[in-house]
Amino acid sequence: MNKVQNNKAWFMVLPVLVIVALNAVVPLMTVVNYSVQDTFGNNVFFFEGTRWFSEVLASERFHGALGRQFSLTATILAIEIPLGVAIALAMPRSGFWASVCLVLMALPLLIPWNVVGAMWNIYALPDIGLLGYGLNWLGISYDYTQQPLAAWFTVILMDVWHWTSLVVLLAYAGLQSIDENYYRAAQIDGASRWAVFRYIQLPKMKHVLTIAILLRFMDSFMIYTEPFVLTGGGPGNSTTVLSIDLVKAALGEFNLGIASAMSIIYFLMTLLVCWLFYTITMQGEKS
Amino acid sequence: MLELMNVSKRVGNQDHIRDVSLRFDKGSLNVLLGPTLSGKTSLMRLMAGLDKPTSGDIHFNGESVVGMPVQKRNVAMVYQQFINYPAMSVYENIASPMRVAGVDGETIDRKVREAAALMKLSEFLDRTPLNLSGGQQQRTALARALVKGADLVLLDEPLANLDYKLREELRVELPKIFAETGAVFVYATTEPHEALLLGGKTAALSEGRVSQFGSTIDVYNRPADLITAQTFSDPPMNIVPMTKSGAAFAFGGVSVAVSGELAGLADGAYKVAIRPHHLMLHAPSGETLAQETRVSTTEITGSESFIHVETEGLRWVALTHGVHRVEVGDKVPVYLDPRSFFVFDQQDRLVAAPSQDGLPHEDLASASAGHG
Amino acid sequence: MAQITLDKLAHSYFPNPQGEADFALKEIDYVWEDGGAYALLGPSGCGKTTLLNIISGLLVPSRGRILFGEEDVTQYAPEQRNIAQVFQFPVIYDTMTVAQNLAFPLVNRKVPRDEIDKRVADMIKVLDLGDKANRKAQGLTADEKQKISLGRGLVRYDVNAILFDEPLTVIDPHLKWQLRTKLKELHHEFGHTMIYVTHDQTEALTFADKVVVMYEGEVVQIGTPEELFDEPAHTFVGYFIGSPGMNVVPCSVAGDRLQLGGQEIALPRRYAPLEGQVEMGVRPEFVKLSANGEGIPVSISTVEDIGRFKIVRALLEGRSFNAVLPEGAEIPAEASAVIDPTRIGIYHDSHLVRGEA
């Protein structure tokens, strides 16, 4: 079926384009501007070319933040995607309990980032927080203000708690679109639970899971509030991921050139990874 | 009057419609007949103004309507899927196009009740469409198209999703109902039988091309080419490659004498097509060509039998009245009667068709009375 | 393969049905022979899908038992019943190739690899899918997909029955022919018990040895296509089977005399006096039109020339009365209907009454 062709449709999109231009493209251009210049104040700028970029790309600090960022994102995706799919599979497909589950699942998504941060910050405190106290009581030494591993674990826990629901809802929507007859046919063909998942549910969820992975990748790659509220990137540099590092450079050290170069590099990286992932998934579709 | 002039439509690198020219008169019933993907829906979308042709022009009452948005044109369309406003009552569904047009309440009420009575929906006016059967839902959509008073009514396989018997009843009613409105009426279908029941004119479509356009029964009786003949035959035509020399047609080493139009054709190779009900299992009177075949399947409907046979690598089907019992694997002779030959040349163009009065036929009642 | 016994089967979707009206499927007691081809025919909502779901194991009937051979399977789940089913919309495994699709039920049942390869190769040949064996099933046409659905049932040589739920709905008319004849051939070759649900009389009659006609939850007649055509047990069967359906008009019958439209027709049988609604039914195929005043006067409203024959729609005493005439027949302007008396059925409260010879 071909789509309706109507050039007037572009006029409808125009207001959005204007808003996007004002709030995204213009600030981005400012950043581009800063990233190639230097200043000693008084609004006097010197053109520096690619100096900030080479400096950033060569620095130990950037390599460290990038490494931490990738391991954090990878861990988050490795937990949230399978967990989300598993929960979606376990949810009832219709009726009263299906609605209850959906509401429960939607709850974490309604809570703002900094509230989530503050909640877990207190919850995980080793002296008064239920989680922190409980773990220590069980004989597990846990203090996120002192132990890098504990801080790392807490950040991941926060993100999983906050965002797994999104994967669940997307996967659930994908599952709902499967016609009942597919399950009946598989039953008749004697398919195991695993075969049903592998040959019916997974192929039908492919599109929504692609979207889920993209969203979770972009979001977690830009993660800021959680580590910031928890330890401000500490202890040491253990939770200083890209955006924390960026803010430190921009506002802590007022290194505008370096910070701008960093932002552009991050932006390009996110774009590249998303594009690669999307192209690869969609190519499999065509062949 | 709707006129399509050399209309083509390309999407990407695919030709959806290829150089179609058609003229539909005011108050006429026109059938678009063709298999799925032959371009029926694409053509209807062009007629409605939902799509723009890549080339060519579309005129309505002498004025070009290409580029005129569909909202500004007085067009009604009914689809294969039952499309109604789910939250509105049947009454409001039918009234909706008049509400948009700002017709006064009294007129709306009168027209809705008239249309509902025609479509046998009077007792369901207060219900919402989801509480109706498929047939009632589709009748609601049809009633809405009816009250709109459209100049052009496009029906895209409107009965395809309905029960067989319901389809039969609506098929009889629809042409009558729409004929009274004076609109140009276009009806797309995949079924030759449906086209014949509707009558009017038929445009046979295949692969985006109109292979023939004319009065339905004429297109059926004199298909211009083999593809039209195939489009307009259900069950499919039986194709027999034959050679003509002198006053005889030969197939598989056997020949049959012909006279009249057939005898006048130039000698050479032809493709002869025979309708299933003209493939005889009993020798009719007159000259025929007998061919030994092997039965591959039989289907009996109680009033008719379909006998599928194979011979010389060809698959044919014979349709006879009454119950004709043969076993699969049996050898049976079938008789090819030159009076029923559609003869096509090597370019698939029709060169001779059976004359309507000389056709061999069985007497229905006596053939059926022969068993039981 | 097995004989299927429906033992006083009935189903209601209400937990505590109150009386007949609550039953979506009224009591049916019937034996389906091993290797038979059966069709369940009726309009939507007639209970045919309910019956199919009971056979496939999706529904447990409120009353009665269902037996495959000697075994009571009433409480068995679908996978325990060893049946195959082809649905209205083709169900295929998109990510697998055609061959993998066909192998799937065998792989699940742990059939040895070389046996699977052999059976799949055979099946691909039988279904004429040779050139597509290693293609992804996703890109195939609807009829090819439907063939694969059927093939997944056929590769399991031992299925008790193959169920079809309106399998030709999404198939083009000219392909319907091919698929239908293929189905007949396969039935002939493999000899499975096949049960075919449809609302399309042509599909039902051409496919089945025996057709079960259902109406409002009730089986109104079970018979061969000939029986349904020649002697409809109920006016609904007369109407539903045949295109156009049987002509049914009120009349009065006394002994072997039938009074209709001011005329008397001598019947070949005698009937006992009948109370209530009496109607005569005759198929349009057995009505001839006469120009010389012989028979019962009718007024012709339309003539539909559908090529192979002509349908004459007329009124007899204000009621619709159709005749089917052969290709090329003349239609008289002042017509009267001549009815073949041996083809007349007498219906009392919609049910066929058999007279005495």
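1. Among contacts in chain C between residues at least 6 apart in sequence, what percentage join residues at least 24 apart? The figure is 65%. Keep in mind while reading on that this is a predicted model.

2. Let's stay with chain C for the overall picture. Its secondary structure comes to 8 helices and 22 strands. If you follow the C-alpha trace along its principal axes, the span is about 75 × 50 × 35 Å. Chain C has 357 residues, and 46% of them count as buried.

3. One piece of chain C to look up is an open sheet of 3 strands, ordered β17-β18-β19, with antiparallel pairing. At its edges stand β17 (299-305) and β19 (319-326) of chain C; each has a single partner strand, so one side of each is left without a neighbour in the sheet. Going from one strand to the next, the twist averages 20°.

4. Zooming in on that sheet, β17(C) and β18(C) (residues 309-316) run antiparallel and are joined by 6 bridges.

5. Now for where chain C meets chain B. That contact takes 41 residues from chain B and 40 residues from chain C. On the chain B side, the elements that each supply at least two residues are α5 (164-179), α6 (192-198), α7 (216-221), β15 (289-300), β16 (304-311) and α10 (364-369). With 4 residues, β15(B) gives the most to this side. Sorted by class, the chain B residues that touch chain C are 15 nonpolar, 17 polar and 9 charged.

6. How is chain B divided by the domain assignment? Domain 1 covers 2-231 and domain 2 covers 238-369. The C-alpha centres of these two domains of chain B lie 37 Å apart. Where the domains touch, 8 residues come from domain 1 of chain B and 9 residues from domain 2 of chain B. Helix α8 (residues 226-231) of chain B provides 3 residues, the largest share of the domain 1 side. That domain 1 side has 5 nonpolar, 1 polar and 2 charged residues.

7. Chain B also has an open sheet worth a look: 4 strands in the order β2-β1-β4-β5, with antiparallel pairing. Here the edge strands are β2 (14-24) and β5 (63-64) of chain B, each of which pairs on one side only. Between β1(B) (residues 2-11) and β2(B) there are 7 bridges, and the two strands run antiparallel. Within that pair, V7(B) stands opposite V20(B) in β2(B). Packed on the sheet is helix α1 (residues 40-48) of chain B, which touches β1, β2 and β4 (55-60) of chain B. The direction of α1(B) makes about 60° with that of β2(B).

8. Is C274(A) buried, exposed or partly exposed? Partly exposed, because it has 16 other C-beta atoms within 10 Å, and that count falls between the 12 or fewer of an exposed residue and the 20 or more of a buried one. Leaving aside neighbours within four places in sequence, C274(A) is in contact with L214(A), F217(A) and M218(A). As for L242(A), it sits 32 residues from C274(A) along the chain, and their C-alpha atoms are separated by 17 Å.

How values were computed. Residues numbered from 1 in each chain as written. Chains lettered and ligands numbered in written order. Predicted model: local features only at pLDDT ≥ 70, side-chain atom pairs only at ≥ 80, totals over all residues. Contact = placed C-beta atoms within 7 Å. Nonpolar A, V, L, I, M, F, W, Y, C, P; charged D, E, K, R; others polar. Domains from an automatic or database assignment. Pairing = 2+ DSSP bridges. Axes fitted to C-alpha atoms, helices over the stretch in contact; angles between N-to-C directions.
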